[in-house]
Structure formats: structure tokens, C-alpha cells
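Reader: I would like to learn how to read chain contacts, helix packing and strand pairing from a model. Can we take them in turn?

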Amino acid sequence: MQRKQRLTRSTAYFIPYTLWILLFVIAPVLLLIYQSFFNIDGQFTFANYQTYFASSTYLMMTVNSVWYAFLITLATLLISYPTAYLLNETKHPQLWLLLIIMPTWINLLLKAYAFIGIFSQAGIANQFLSFIGIGPKQLLFTNFSFIFVAAYIQIPFMVLPIYNSISELKPSYINASRDLGATNWQTFSRVIFPLTLPGVKAGIQAVFIPSLSLFMLTRLIGGNKVITLGTAIEEHFLTTMNWGMGSTIGVVLIVAMVIIMWLTGGRKPRSRKGLTK
Amino acid sequence: MKTRFKWRNLYLWLVFIILYAPIIFLIVYSFSQGTTMNNFHGFTWSHYQDLFADSRLIAIFLDTLLIALLSSLLATTIGTLGALGINNTTRPVTKSTLLALNNILMVSPDVIIGASFLIFFTALKIPLGFGSVLLSHIAFSIPIVVLMVLPKIQEMGTSLLDAAADLGANNWQLLSQVIVPYIMPGIFSGFFMALTYSLDDFAVTFFVTGNGFTTLSVEIYSRARQGINLEINALSGLMFLLALVLVIGYYFINQYSSQHRKAVRGRRG
Amino acid sequence: MAVNTQPIIRLTNVCKSYGDHQILKNINLELEAGKFYTLLGPSGCGKTTILRTIAGFTDATAGQVMFDGQVINDLPANQRQVNTVFQDYALFPHLNVAENVGFGLKLHKVAKAEIDQRVQQALALVQLADFGDREISEISGGQQQRVAIARALVMQPKVLLLDEPLSALDAKLRKDMQYELRDLQQRLGITFLFVTHDQEEALAMSDEIFVMNNGEILQGGTPVDIYDEPINHFVANFIGESNIIPGNMLQDYEVEFVGKRFECADAGMRPNEAVEIVLRPEDLDIVAADQGKLVVTVDSQLFRGNYFEIVAYDNDHNEWLVHSTNPADEGTPIGLTFDPQDIHVMRLHESEAAFDARLERYEDD
């Protein structure tokens, strides 16, 4: 008891962290919201929001951005779930996992740059397409290449949380399911998948939100054909210098993020019938 | 049974090939004569020679390292103290609020962090450059340090602290001789994560860097926008080596900490 | 007695090994329909592996697993007519109580109305009739245990396998569940195969016990048989408390230990064969030192509630454990008496078959 009192009395060590929260977590978000109510000349206005919600360009861009983020997330999930599942059955899962994570230690820009070479007109991908008789295609600066590269970059972030939830799955659940007569598929669809859903949700969170804002990929790989919310923000802040409009889109992105968090959040998966603890 | 097992391995191998092919591709062409990544034109070190002769790039590389090391050190310090503070909060509401605030920067998209920091620095009239980049890197590295250190502190439990206090340790001794040695693996993990966050960051830096100061990521971005330049491939080779060293270092620290745990448990048992 | 019923489960020469490590060594086991069996042994003795082999979670390396006269070695777990109650219950956390119990029926495409009815019956059977809507996280460990039993029983298995299901419960609840499981088994009339390391639990519930150690079945029999006539040192030590004293079989029905000759009920050994004597602490009576068959000196005692546990030593430094309703004085010599039939003589290395044959031969006199 006494020790606790002594420790809480000296809270000086907690000051830097508290300052960080105030200055770098709370203040910037408030400033961003504040800024969204100013036009390019520094006057207070609601015009940014009016423009945003009245303009089909902005709305289409938002829908597009969400749609591409969805496609990227879906592609990543379809590749990552089996990977995580098979990883768990290998003899040295930790080692394999390390190998999966390793590419994330290579700078994202370098990986994007690699694809500029791979997907270029005379690049290795087109050489392969010619070899199998399809003939060279325009690969770089297409929607496909944007989705492909984005999914490529995000795979490890999806595999990791799914693997964690699969490895935490008690083997007795699987035995119990088999014991009660479930086939392999039934065991997967009725036991394994529902129980690893938290990992899947965490993975979706980790992939979907960044996918809304991958402006460097839209520029380097997508050739500005795909404009994501992130691209628009970057453009408004660093090119047209219209910070107010950029902040407005930023607020929309934050709202989108909150919705995703809420949909995939850590709420109890089932609390129906009004039963609470 | 056996054939199915092969299919499984095949799938895993395929994923690995896809994950590593672009990286290997980059490095292979860093040794190619010529100027494109389309056909290998025979071995050369020339791109590495260009790289080491490029004093601008070397300076940027050193700046990037400096930012990474400084920001990780400071973030680790602040984050560790923060984790201790969070652990010491008694009211569950306060604790969960602090944790929620801590995680905001973890889940926010980079553009939001970059844009809001840019507004913040401008509002405070902090000049854009080395200082703003350093502050930003410290800021976005702190939460990961907290998340790495906090479980270690919680794992420690109170009986260890009570025992030390019972044996007459004062607060400072408690911190320096009991708590910090115990949570050291967590601190190391936090430091390494902060280091990778910093080295890996592009978007936030891109927003707050201004005109005079550049990090490697930003430099790669602007060069990549101009097209293929095999000097960047040579740079990838070096970065890959650096990443490898970091991964191996991280792996051994993890190994060490788990062995350390085992040893502790063994001694207890 | 003479009804020649086919065993519901029969294991013939079942072996299991991982690499060089042998977990099961030549297991032979027959379970009759409608009885309560227990596999008893210390942890790591292979008892759970036998259960898993029968359930189909592990394949035997060698030998035959038969169910109702059919070899089922290659039958996958989901097609076997046995069900398991798991040690950690393995209740699906994403399903509520009724959904857990109905899980297997739903897989078998049973009609919804019938599922509801059978789930309700099964829950009533384990006294959880009103708990169907509860989440698994909302019920206690004891209730989870019952749900796990209901989930297995609703499948109407011919054999129910129980893998240390009571080990996570506290002492009081455990006692209650022992009665309840026994009662359940007798009402349903199906075969229970129960795995435990707790000898009291095994003695209390079982029709028949198989005592295991190091991947082998050492002895099988009724609780009374195993308690009264353990085959060897391990079994005697593992089941109940025993004084195990080295001795010498002078001839049939006469044994020597602690330098004295005693009449006993055992026979069939070689003359002068080295043997071990088992005397249970509760079979020893304390008398005055000069009236005892043996004289020992009291070393220490503990009050155990309904008896005193007295530790004493004889002149050969053998330790004697005595249960007595009266306390003794520490440091003083006391006399011990016992009846000839309380002495149980064990040969040092006797197979279960030889042991059974010898008993058969001499007990019929």
C-alpha cells in the first residue's frame, strides 16, 4: 500500500508521455478539424464540406477509394488466410513467420520501385506474357498493377494477426468438432473460421485503412488513374496548397477509419438476446 | 495424405517466392551493366561505385540513420516511462482512455498523421526540416514502444516489486535494479520496432520535411518518379543488408529474452 | 457370467510411438457394453493416448482398434460412434450452451424441432434445463463441465470417453460430480471410459479399473480386487496408502518379514522366494508393545480428522504408516497386530496373466 502511494506521488516521469498525448495525438487531430473550416484565403467557411458533398468528383473519388481498398483487402485476405493456416501446420512456424515478416523491413518505396521495373513495357512480366503467347500488355499505370502491388505490400500485415489467432486456437476445439461428426470442411467453416474471426478483423483493420491512403503507390504504380483519399489529401496539402479542402478530406478519411474500426472492433462478437454479464 | 502435404508446401513456397521475387529482382539488377531492369547485361560493381561516389545520397543516408537512432532512443525513453505510468494508473477508465489515445497514431493512416503534423508545426511556427522530421518520428514511434513494453510490465506483477520494497529498495533502486532489468526485452523490442518505423516511414516525412531536408524514402520516391536508375538498385542491396542485420539482431534479442525467461523459470523451479 | 457378449471396444496389441519414444506398449483392452471403466495412472503414462486412439484423434502405430466387432483403425474420428468429454471441455466460445449441445445434431442434418427437443433433454439430464440461452463465458466451470457432457451424450454414443473431466473442478464439486457421473452412466446404460490420475476418483466410480504406468497396463480389475490384491509395488503404492516391506516366502501360506514368521493367505511362490509384503495402514491395530506381532517406535503423527496418521519405525528401519482412532505417544514403542488375510504378498516381477492364474489356482481352495 505504502509503496503504491509513494510511486503515484512522484508522477514527474509521466510528464513527457502526457505531453506527447496532448501535443501529438490530440492537438493535431483538433487542428485538422479546425483547419477544415477554412478556405484557401484563411477565412472561416463551411464551403469545403459543401464542395465535398456537392461534387460528384469528390464523391466518386471516395467511392472509388473505398472500392479499391475493399479489393485490395479482399485479395490480401484470400492469399493470407491459407498462408497463415498452413504456416501454423509447419514444423517451425516461428521461423516461417519471420520469413513472411522480413519483406516488411525493406522500404516500401523500394518495393514499389521494383514493380516499376517488373511491370514496365519490356519488363520481366511482359517478357513472361510474350513467352506464354499472350503478348506484351500495358501493365504499369493500370488499376490491376495498383491492386497487385498494394496487396503485395500488405500481405504480411494480414498474415500476422490471422496466424496469431490460428495458433491460439486450442487443438481440442478441432478434436471436439471432429468428435461430434464434423467433416474437415464443416470443422473449418463452423469452428475454425468463426474462432479466428478476431484475427481476420484485425487483419482487415491493418490493411483496409492504409489502403485508403496509399498515395505514393497511386503515383508510382497506378499512374494517377486511381485517386484515393490519400492522394487527394497529398495533392491539396503539397501541390495546390488548399489545406482547408485537404483537411476536409482528412476528416472524411478519419470518419471512414472510425467506421471501419467500429465494424471490425473488439466488441463481443455475440451479445444478442440482451444478455450481458 | 502425403500428396496433400506436398500441395500445402507448394502453396507456402509460392507465397514466399512472390514475396521475395521483387526484392531479389532489385538486387540482381544492381549488379547489371546497362541502365534498365529488363535484361541482365553482365556483372558490374559500377552502380555501387556510383552510389558511394554520390555524396548527396551518402549524406541523406547518414541523416536518415541519425533520425532513426535519435528518434528511437527518445521514443523508447518516453514510451517506457509512459508504459510505467499507464501501468500505475489505478482507475480502469483512465487506463483504457490512455490506451485508446496511445493507439490513435497506430491506426491512423500516414497521410492523416503527416497532414495534421504539418498543420501543427506550421501553427507553432516550427520550421520544417530536421527538427520537424525528428519530432514526427519520435511521435509516431512512441505508441509501438508502449505496446511492446506494457505487457512486460504487466507480466512482472506486483509481488516482485513488493518483495524488492520489502528488502528495502527505494523508488529509484526499484526502477533501476528491478523494473528496468526485468522489462529490458520489451524495451529492446520497442526500440527495434521504433527503428524500423523510422527507417520505413515515407508518407509522414514527405509531409513535414520541407525543402531543405530529405530522408532516403523521400529521395527514393523522387528518383523513382523519374524512372529507372540502377543506383537505386544498389541502394536496395545495401538497405536489404541493413534490414537483414536488424532482423537477425531482433531475432537474437527475442531468443535471448525467451531463454532468459526459461532460465528464470528454471531457477524458480 | 457365462454370457458370451462381444466387447464394445477391443484393443489388440496397440502400440504408439513418436520416433524412438514409445507411448503405448502392446496394449490389450476389452470393454463390455454398459460398464464404467477407468484408466488410472500418473501423468504421461499413456492413458490419454489410449482415449485418443479410441476417439480417432491419433492413429495407433501398430495393433487393432475394434468397435462392436469392426476394425476402426482407419475410420476417421467424425465417423466413430464414440464421443468425448475433453479435459478443457473444448466448448465452442462462439456458440451458446444450446448451440454447443446441438452442434453435432446440426451437422447430421437432424430436423430443427428434433434438435431442440433432444438438446433440451440432454440439458435436463445434466440439470441445466434453463441454461440453453447462456453464453459459455457466462457459466461456471462446473456448469461448463455439464454442458460438455450433455454435448457428447446428445449424440447417443455407445461409448463415452471422458478425459480427466473433473481435474479442473474444486474438491467439493468434484465429489458431487463423481456421484452424478456414476448415476448418469447407470441410468443411460452406456459404456463410460474415464481417464484420471486420481485413485480415489477411480475407486469411487468404476466397475473396473486399468492401472497404467509407462505406456503399459499393469493391472485390470474391480476396485476391490486392485485395492486388496495389487500386482506389484507400483500399483500398491499408487492405489491407496500402503506399507510395502521386503520379505521372504518360506512356503505356501507362510511368509517372513522383519525377522518374524507370519501366517498369510498367499501361495504359489517358490520356497524362500524374495517377495514384497503389503499391509494397509487401516488394517493395522495398535496394542501394547508386549502384545504386538510387531514392535515399532512412534516417530510422528498427524491428526487427519477421522483418524490419526502415525509414522513409526521397526528395528530394520522400515517405515510403518498406521491409521488409528487413538493418538500415540511419540518416541514410545507400540505393538502392531493384523490378521493373516490382511497380509498381501507380491512377487517381484510377475505378469498380470501369471498373477491371475496363480490367484485362480489357490483361491478356489
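Author: What follows goes through contacts, helices and strands in that order.

Author: This is a predicted model, in which local features need pLDDT of at least 70, side-chain atom pairs count only at pLDDT 80 or more, and totals for chains, interfaces and linings use all residues. Residues are numbered from 1 along each chain as its sequence is written, while chains are lettered from A and ligands numbered from 1 in the order in which they are written.

Reader: How many residues of chain A and of chain B are in contact?

Author: In general, the size of an interface is often given as the accessible area lost when the parts come together. Here residues are counted instead, two being in contact if their C-beta atoms, placed from the backbone, lie within 7 Å. By that count, 68 residues of chain A are in contact with 60 residues of chain B. Helix 2 (residues 15-35) of chain A gives the largest share of the chain A side, twelve residues. Helices (H or I, at least four residues) and strands (E, at least two) are DSSP runs, numbered from the N terminus.

Reader: What is the make-up of the side of chain A that touches chain B?

Author: That side has 49 nonpolar, 14 polar and five charged residues. Ala, Val, Leu, Ile, Met, Phe, Trp, Tyr, Cys and Pro count as nonpolar, Asp, Glu, Lys and Arg as charged, and the others, Gly among them, as polar.

Reader: How many residues do chain A and chain C bring to their contact?

Author: Chain A brings 20 residues and chain C brings 19 residues. On the chain A side, helix 9 (171-179) and helix 10 (184-211) each supply at least two residues. Helix 9 of chain A has the largest share, six residues. The chain A side that touches chain C divides into nine nonpolar, five polar and six charged residues.

Reader: How do I describe two packed helices?

Author: Two packed helices are described by the angle between their axes and the distance between the axes. Axes are lines fitted to C-alpha atoms, for helices over the stretch in contact, and angles run from 0 to 180 degrees between N-to-C directions. In chain A, the axes of helix 4 (residues 56-89) and helix 8 (residues 143-168) come within 7 Å and cross at roughly 45 degrees. Helix 4 and helix 8 of chain A are therefore oblique to each other (under 35 degrees counts as roughly parallel, over 145 as roughly antiparallel, 65 to 115 as roughly perpendicular and the rest as oblique). The contact of these two helices of chain A involves 19 nonpolar, six polar and no charged residues.

Reader: And how are strands read?

Author: Strands of a sheet pair through backbone hydrogen bonds, either parallel or antiparallel. Two strands count as paired if DSSP finds at least two bridges between them. In chain C, strand 3 (residues 36-40) and strand 9 (residues 208-213) pair in the parallel sense over four bridges, and C:Leu39 has C:Phe210 as its bridge partner. Strand 9 of chain C also runs antiparallel to strand 10 (residues 216-221) of chain C, with five bridges.

Reader: Which strands of chain C stand at the edges of the sheet?

Author: The open sheet in question has five strands of chain C in the order 15-19-16-17-18, with antiparallel pairing. Strand 15 (285-287) and strand 18 (319-324) of chain C stand at its edges with a single partner strand each, so one side of each is left without a neighbour in the sheet. Strand 17 (residues 308-313) of chain C pairs with strand 18 of chain C over six antiparallel bridges, and C:Glu309 stands opposite C:His323.
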